[in-house]
Amino acid sequence: MRALTLHLKILILLLVALGVGITAYQIFVLGIPVTADETDDLWNIDAKVEFVASPREPVKVQMFVPPLNQEFVSLNESFISNNYGVSINRVDGNRRVTWSARRASGRQTLYYRLVLTKRYSGEQTKAEGPIFRDSIPLEGPEKIAAEALLSPIRQHSADVETFISEAIKRVNNANDDNVRLLLGGDASIANRARVIEILLSIAHVPMERVHTIQLTDEQIQTPELWLRSFNGDRWLYFNPANGDQGLPADRLVWWTGDEPLLAVEGGKDARVEFTLSNSEMNAIRLAQLTDENTEADFLEYSLYGLPLSTQQTYQIMIMIPIGVLVILILRNLVGIQTLGTFTPVLIALAFRETQLGFGIVLFTVITALGLSLRSYLEHLKLQMLPRLSVVLTFVVVLIAVISLFSHKLGLERGLSVALFPMVILTMTIERLSITWEERGGGHAFKVAVGTIIAASLAHVLMNIPELVYFIFTFPSVLLILVGFMLAMGRYRGYRLTELFRFKAFLKD
Amino acid sequence: MFGLIKTWKALEAKGIMGINRRNADYVLKYNKRSLYPIVDDKIITKERAVEAGIHVPEMYGIIETEQEIGKLREIIKDRQDFVIKPAQGAGGDGILVIADRFEGRYKTVSGRIISHDEIEHQISNILTGLYSLGGLRDRALIEYRVTPDPIFKSISYEGVPDIRIIVLMGYPVMAMLRLPTRQSNGKANLHQGAIGVGVDLATGITLRGTWLNNKISKHPDTTNAVDGVQLPNWDGFMKLAAGCYELCGLGYIGVDMVLDQDKGPLILELNARPGLNIQIANDTGLTLRTHAIEARLEELKARGIQETADERVRFSQELFGHVPPRD
């Protein structure tokens, strides 16, 4: 009826939409993990370079390393080499490491180690590549064979994409005489790729060799050759062995072009060995690492951007609204009476330091003793401030005594009472005694029990690690809470306890 | 669970008002926060009432500072009985009722003899905020001691019974007679164990009552029936209550009044958050009545009319009065 005005409805809708939207964006677009237990694959790639150095000659080893402008993010990269100078340069979209030494002899071993993950890539750079090339000149029978191959390819294809895959399929047909002629008896992948390049060049379709590593736990592997062509918009990747299109998600481009992986001057018997290992890592930790290592900054403006010690404080603070929500529900929906509005939340925070069970016992004991002192002071007719001071001093002494006893008894728990709970205790005693005077002992007891129940519930909820993680990572959830609280502000239904309070009406 | 939903539906059908509804639809809507001091401070309430010509127990004097305590003798002069109250006290705490003088000393209602120094100490306590909400500094109020009309003798235990009428925008909604019991220590506070007895708005005849959330028909201490008692000067109470809207500007209040045997109906205090047990005492929900009044207000607003206190009383009495007697 008049429960919610339009203004309030719009505000609530806006807050909830904003909260849901931001959280959804964080989860689905930024890919921030929903639970702290979520893990991500972490790949550890070792390239071991071995060669025999020629004596009395400077050594220069050049090797391609991944360009890392793809969907992978490098977390750590290291070059392990004794007595070698290391430099890295970029050539034509490739990255190349150069190890150099004035003098070396005997068997040499160099290591390149790369740690990378697939998640959290930054913006994709716009791909660029050639879309036209000159034909490779052919002579005699080879020319005729190539043209004989091309005409059915042309017939069976509609665009560059289908043309290339058709060409690859033809070249892989070992029964075709024309193919056999062009291959010249060498059916290796590299040679097939060469023939494919010739065919494509006649049609002026450019093609590039791509050398890839597969991210699997296989012990030792060699780079696999793939082909790619630029269609004016993006790169199309093809497997030269069967014409399959599209680079599998687990393939990492190591380098492109026709040059060999390794070039050694002043050495011989060079070889490279790749070893991959997979480990799992906490996803949110990984995201933080990624942030540090790249320019990606989706966590920059989250609470993870704060210094670590501040983060811990915020992990407690950000849960206070949850505690407040518990009190709100218990008071306005259930109808439990508590001491003050947010004293239970403060007590719940104090329970952090004392633990729940011990905290309840401690609070009960100290409050009971404090109350009896307060009622004794009542007879002396003291003014409020002096009376409060006496109660506070008494609480301090009491806590000191409890700490001392529990320490002597070997219970270290007793020492956990800090400054913060002490003030709350004094406040609780004072307010409880006022309630006692105004509304009687029975009511004060009811309020005290309600407070303990509310505080315990708030404490339990505020310390669920999954919930803490979720709200700390997605603070916009709080907007949804605010929406709920606003709606509660106009809630006019009965409280649960009122159903019992007004039971007398139903007895007729 | 199913039983609870049934209870919910039944209460809603009877128009029983819950705390959430009272706060959201009435207290928050009709009571401006800035006007609260008028009802929270009994001195301001009294001054406003005197200005508006509404009957209140006569105020003998105010003591605001420790120095002024010396003026106490001047204020009480040779009066035999008087009451000392904290202006912002709650729950009847800190109230000292002097019934008589005895050889230069004073005698409280309970028969205790106290000295002048003890009274001064009590006032000092009031000033430091011993009895005020939140412990703030307070003022002490010395006023006329109400002598309850003998009509209540048979259905009351000690103390002064009072009459509460809930008033919405000047229209009386529901009335209740509050009777102290042995359990409430002579205080007319329902939370402390006093009983509440419903009153027919039209006739001023008492209905049955409520005690600790239960329905009752006899006073637990005197065992006399509480229903069927004709309250004298009932229209006077109704007009007094209806006039309180103009007095304080708060739209939803509980007006607490007493019936003095000499001076008739007097206003004791106003309450900006009146309790809900009055519903059990009257065996009727507040919501049905408040909705009827709100509809009337809408109607009058459309026609641009404002009713006087007398007209408002008549409206309420016609609509809500003459409750058929229960079996």
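This is a predicted model: local features need pLDDT of at least 70, side-chain atom pairs count only at pLDDT 80 or more; totals for chains, interfaces and linings use all residues.
User: Start with α1 of chain A. How many residues, and what reach?

Analyst: Helix α1(A) covers residues 6–29, which is 24 residues. From first C-alpha to last it reaches 32 Å, close to the 34 Å expected at 1.5 Å a residue.

User: Which of its residues are buried?

Analyst: In α1(A), the buried ones are A:I12, A:L15, A:G19, A:T23 and A:Q26.

User: And what do they pack against?

Analyst: The buried residues of α1(A) pack against α15 of chain A, residues 477–488.

User: What happens just after α1(A)?

Analyst: A:G31 follows, with a positive phi of about 70 degrees.

User: Switching to chain B. What's the strand order in the six-stranded sheet?

Analyst: The order is β1-β6-β2-β3-β4-β5 in chain B. The sheet is open, and the pairing is antiparallel.

User: Which strands stand at the edges?

Analyst: β1 (59–63) and β5 of chain B. Each has a single partner strand, so one side of each is left without a neighbour in the sheet.

User: How many bridges join β3(B) to β4(B)?

Analyst: Four, between β3(B) at residues 96–102 and β4(B) at residues 105–108. One partner pair is B:D100 with B:K107.

User: What about the turn there?

Analyst: The β3(B)–β4(B) hairpin has two residues between the strands. B:E103 in that turn has a positive phi of about 55 degrees.

User: On to β5(B). What stands opposite B:K107 there?

Analyst: B:I113 in β5(B). Two bridges join β4(B) to β5(B), residues 113–114, and the two strands run antiparallel. Their hairpin has four residues between the strands, and B:G111 there takes a positive phi near 95 degrees.

User: How do β2(B) and β6(B) pair?

Analyst: In the antiparallel sense, over four bridges. β2(B) is residues 82–86 and β6(B) is residues 140–143. B:P86 stands opposite B:A140.

User: Which helix lies across these strands?

Analyst: Helix α6(B), residues 116–127. It lies across β1, β2, β3, β4, β5 and β6 of chain B, at about 30 degrees to β2(B).

User: Last topic, the interface. How many residues are in contact?

Analyst: 27 residues of chain B contact 22 residues of chain A. On the chain B side, α1 (2–13), α2 (19–30) and β11 (214–216) each supply at least two residues.

User: How do the chain B residues divide by type?

Analyst: The side of chain B touching chain A has 10 nonpolar, 12 polar and five charged residues.

Terms used:
Residues are numbered from 1 along each chain as its sequence is written. Chains are lettered from A and ligands numbered from 1 in the order in which they are written. The expected span of a helix is 1.5 Å times one less than its number of residues. A residue is buried if 20 or more other C-beta atoms lie within 10 Å of its own, exposed if 12 or fewer, and partly exposed in between; C-beta atoms are placed from the backbone. Two residues are in contact if their C-beta atoms, placed from the backbone, lie within 7 Å. Two strands pair if DSSP finds at least two bridges between them. Axes are lines fitted to C-alpha atoms, for helices over the stretch in contact, and angles run from 0 to 180 degrees between N-to-C directions. Ala, Val, Leu, Ile, Met, Phe, Trp, Tyr, Cys and Pro count as nonpolar, Asp, Glu, Lys and Arg as charged, and the others, Gly among them, as polar.
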